[in-house]
Amino acid sequence: MQKTPLNQLHRDLGARMVEFGGWDMPVQYAGVIEEHLAVRQAAGLFDVSHMGEVEVVGENALAFLQYLTTNNAARLVDGQVQYSALCYPDGGVVDDVTLYRSSEQHFMFCVNAANTDKDFAWMQQVLADSQIEGVTLRNVSDDYAQIALQGPKADEILAQLTDVPLEEISYYHFVEGEVAGVPMMISRTGYTGSGGFELYLPPATAPEIWQRLSEVGTPLGLVPVGLGARDTLRLEKGYALYGHELSAEISPLEAGLGWIVKLDKGDFVGREALQAQKSNGIPRRWVGVRMIDRGIPREGYPVYAGDQQVGLITSGTMSPSLKVGVGLALVETASAVLHAEVEIGVRNRRLKAELVRTPFVE
Amino acid sequence: MEFPEELKYTEDHEWVLVEEELVTVGISDFAQDALGDVVFVELPEVGTEVVAGKAFGVVESVKAVSDVYAPLSGVVEDVNEELPDTPEMVNTSPYDDGWMIKIRPTDNSDADNLMDTEAYQAHIAEEK
């Protein structure tokens, strides 16, 4: 199992560790609900060093990225980040990614930890098949630790350790700057929906930066946050998680990610299949499920409209903010009607729920 | 972690308070800690027959669903009606406010097979 540079620190903090995507990661410290609410109300510190990074460099980097990804990479300016996807020719998803543009000839992907090797191999294959010259791909995952500082107090905390004018970094933008004397990438991105930053830094400096952020953040309510709350935070906001809402068998159109699929930007891998899906009608839709009866929808639970099974829960939990069971479901398009009442098969019972728009929490 | 001496314990981490007529059942401090924040509890209705070693209820943490097993066979005589509204009591007070059901056992002597505190602590040490 792989370990991040912060592994010992998590153990010293008394974290409960689990295997996630081949990594030994903290799932919780004080408790999922407490950590979740701290991020919503103050701030949380996450070790996300398991995430993978791949550099795309060279004079034809942009042309290659336009062919490789579903979103329009040409719309990125220097210092901007874009949410995007890599698709197979049949429209299934290889991974969902963020793409960072440093310059016209220098980009970086941040990819899901468990998918890093698969993604890198896929990128190399697409590059070879495309016959685009002058592009170099490098898996630089080992060059970066990643710490996410999330929550409404994130700016106030980070500002104590840097001279970088944080207010000038817009949402989904990044800068190179120093934090506590360490040069790093400071990105206003995240997976919690509560604002904040993701810091890409040299692995050897990660423990010191974590400690410094803890020191200045603790008086403002900052707590360390594990993967448990990372999942409930993203679920409340309706963010997709690869392997649940997205997979090789689920297209980005079905997953409600039509906004990152730019069919008119020119050719890209998966375009034909996605265009056909759009023209013929998307068979399944991704919807939010909010329980009416008391209970918690869990991955794999069936969704019923009347006697008919019309879908499956792909992720679910008890929302710590709402104290109600919420989930995401992939449902046949005809039944994916907002505010429709459905039933969820929970163990041997059927519990009432409502189909709702996400996010569950503003 | 506390494991009161007056209780008996099962391998599945339920605790049992054996009294003259009824036995009270909940989950141990070890079990609640392993589960994490309990957010949902499903209990049987009064009058339900339960069978030793079979699930009688469910506890859910934020992340996971776990069955709770009957330590003895018998009939459910009482359930903790407050738990569905305040499932966190399983975490904060596992042996007291967090009790789950009271069973009228078919055969009270079945309780003799349950573990005492010392045996249960040894069992936990083995599981770790």
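**Chains A and B: interface and strand pairing**

Mentor: Between chain B and chain A there are 14 residue pairs in polar contact, counting pairs with both residues at pLDDT 80 or more. Please keep in mind that this is a predicted model.

Trainee: How many salt bridges does the rule find across the interface?

Mentor: The rule finds 7 between chain B and chain A. One of the residue pairs joined by a salt bridge is Lys63(B) with Asp231(A), whose side chains meet at 3.9 Å, N to O. That distance meets the criterion because the cut-off is 4 Å from nitrogen to carboxyl oxygen.

Trainee: How many residues of each chain are in contact, and what area is buried?

Mentor: On the chain B side 16 residues are in contact with 19 residues of chain A. The area buried between the two chains is about 1,400 Å², and carbon and sulfur atoms give 48% of that area.

Trainee: Which three residues supply more than any other three of the area that chain B buries?

Mentor: Those are Phe40(B), Val62(B) and Lys63(B), which supply 38% of the area that chain B buries against chain A.

Trainee: Changing topic to chain A: which strands does E18(A) pair with?

Mentor: Strand E18 (residues 341–346) of chain A is joined to strand E15 (residues 302–305) of chain A by 2 bridges, running antiparallel. E18(A) also runs antiparallel to strand E19 (residues 349–356) of chain A, with 6 bridges joining them.

Trainee: Which residues stand opposite each other there?

Mentor: Tyr304(A) stands opposite Glu343(A) in E18(A), and Val342(A) stands opposite Ala353(A) in E19(A).

Trainee: What about the hairpin of E18(A) and E19(A)?

Mentor: It has 2 residues between the strands, and Arg347(A) takes a positive phi near 50°.

Trainee: Back to chain B: how does E8(B) pair?

Mentor: Strand E8 (residues 74–79) of chain B pairs with strand E5 (residues 49–50) of chain B in the antiparallel sense over 2 bridges, with Glu49(B) opposite Val75(B). E8(B) also pairs with strand E9 (residues 101–105) of chain B, antiparallel over 5 bridges. In that pairing Gly74(B) stands opposite Pro105(B).

Definitions and conventions
Residues numbered from 1 in each chain as written. Chains lettered and ligands numbered in written order. Predicted model: local features only at pLDDT ≥ 70, side-chain atom pairs only at ≥ 80, totals over all residues. Heavy atoms only, no water. Contact = heavy atoms within 4.5 Å. Buried area = accessible area lost by both parts, 1.4 Å probe. Polar contact = N/O pair within 3.5 Å; in protein donor to acceptor, adjacent residues only side chain to side chain. Pairing = 2+ DSSP bridges. Helix = DSSP H or I, 4+ residues; strand = E, 2+ residues; numbered from the N terminus.
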